[in-house]
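Subject: Two-chain model, handover

Hello,

Here is the structure I promised to pass on.

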Amino acid sequence: MKKRKIFSGIVVAIILVAAYGFYQYNRRIPAVTQMEPDIKITADSLLTAFSDDEKKAAEKFGEPQLILQVSGRLKALETTSGGAEIFVLGDSNASSSVRCMIDTSFQLDKKAWLPGGYYKVKGYFNGYKPDITGLLGADIEMSRCIPLKNK
Amino acid sequence: MRIQSALCKNNVRLAVAFLLFFTVISAVSARAQERFFTRNGSIYFNCSGKMEKIEAINKSTTCVLDTKTGALQMALLMRGFEFERALMQEHFNENYVESDRYPRAVFKGTITNLPDVNFSSPGEYKLAVKGNLTIHGVSKDINAEGTAVVKQGSITLKSSLIILLNDYNISIPSLVADKISNTVKMDINCFLQPLQN
């Protein structure tokens, strides 16, 4: 009887470990729609933090899968050759921007988001790309973003 | 008579001024057309082993091409690679490329067969590129071949290359050696547009 209980316990443990392994293996990157941002910041402050002291800013924003909510003026709404939509936030007179690739699950109505408008975007922070060519300006990149309207 | 002469002189000055203005504008415009860029280039990589499919794509690659000198620069953020499975993406960033320590990959090179490529005439041209690729804090000289499709106002660069992970100090634990290949195939696709400065 005791042996049977031990055997059953081992079988249950194996099933639980296998189920957990299966779940972990097939887990997808979660959409940010229902998730709370880790940090709320303006596009200008985010760009300034990295241009002033990249090392310090990288420590602050270095956590893996960090979700940011960035607010700023919409400079442009770009569509890549592959069909991805990009919200470009920042000062229209500056070459540097916060570039937010929109989550493919989000249906973006381009007429509802006007360049010059002040919006918020929530998404995963990918990092800071300095201007290696001296031609394009430095950029902050975010992915799987969802644009939010100010209430 | 004097008034007529003065008017004539003014017309000549005006014509010279217009000529100078258009010459300068044309020169600036021609200079602007020498450089092409994108911030949304895509790089797909595949390092599937015998047991598992491992592939990812980065759609935010910056690429700048100077058609006059043949200089080509590319940069991307390692965290910009998107995998189908979250676990793979986490392992890629935390255990293999250590994207918190080495957040970027950079390529700086030149087109070595520039005389064979006419960037001002539409067509498809073969490219030979030589340069330096930095990944995981390690820089290596590489050679690559590709194509440039030149159209009116745009250039599409395409290339496929193979790199070895251990060349860049990225080691694969023996436990997963049959799942991850040391050979990485990369497909590059950049749609470049004129850079207006």
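Contact here means heavy atoms within 4.5 Å. On that rule, 33 residues of chain A and 32 residues of chain B take part in the contact between the two chains. Please keep in mind that this is a predicted model.

The interface

The size of an interface is often given as the accessible area lost when the parts come together. For chain B and chain A, the buried area comes to about 2900 Å², with 52% of it on carbon and sulfur atoms.

As for charged pairs, four salt bridges are counted between chain B and chain A. One of them links B:Arg104 to A:Glu54, where the closest N and O atoms are 3.0 Å apart. Polar contacts across the interface of chain B and chain A number 15 residue pairs, with both residues at pLDDT 80 or more.

Which elements of chain B supply at least two residues each to the side that touches chain A? They are strand 1 (35-48), strand 2 (55-66), strand 3 (71-77), strand 4 (82-83), helix 2 (86-96) and strand 5 (104-111). Helix 2 of chain B gives the most, with six residues. By residue type, the side of chain B that touches chain A holds 13 nonpolar, eight polar and eleven charged residues.

Strand pairing in chain A

Strand 2 of chain A (residues 67-79) pairs with strand 1 of chain A (residues 39-42) in parallel, through four bridges. Within this pairing, A:Leu68 of strand 2 has A:Ile39 opposite.

Strand 2 of chain A also runs antiparallel to strand 5 of chain A (residues 118-129), joined by seven bridges.

Strand 2 and strand 3 of chain A make a hairpin with five residues between them. In the turn, A:Gly83 has a positive phi of about 95°.

Regards

Key
Residues numbered from 1 in each chain as written. Chains lettered and ligands numbered in written order. Predicted model: local features only at pLDDT ≥ 70, side-chain atom pairs only at ≥ 80, totals over all residues. Heavy atoms only, no water. Buried area = accessible area lost by both parts, 1.4 Å probe. Salt bridge = Lys/Arg side-chain N within 4 Å of Asp/Glu carboxyl O. Polar contact = N/O pair within 3.5 Å; in protein donor to acceptor, adjacent residues only side chain to side chain. Nonpolar A, V, L, I, M, F, W, Y, C, P; charged D, E, K, R; others polar. Pairing = 2+ DSSP bridges.
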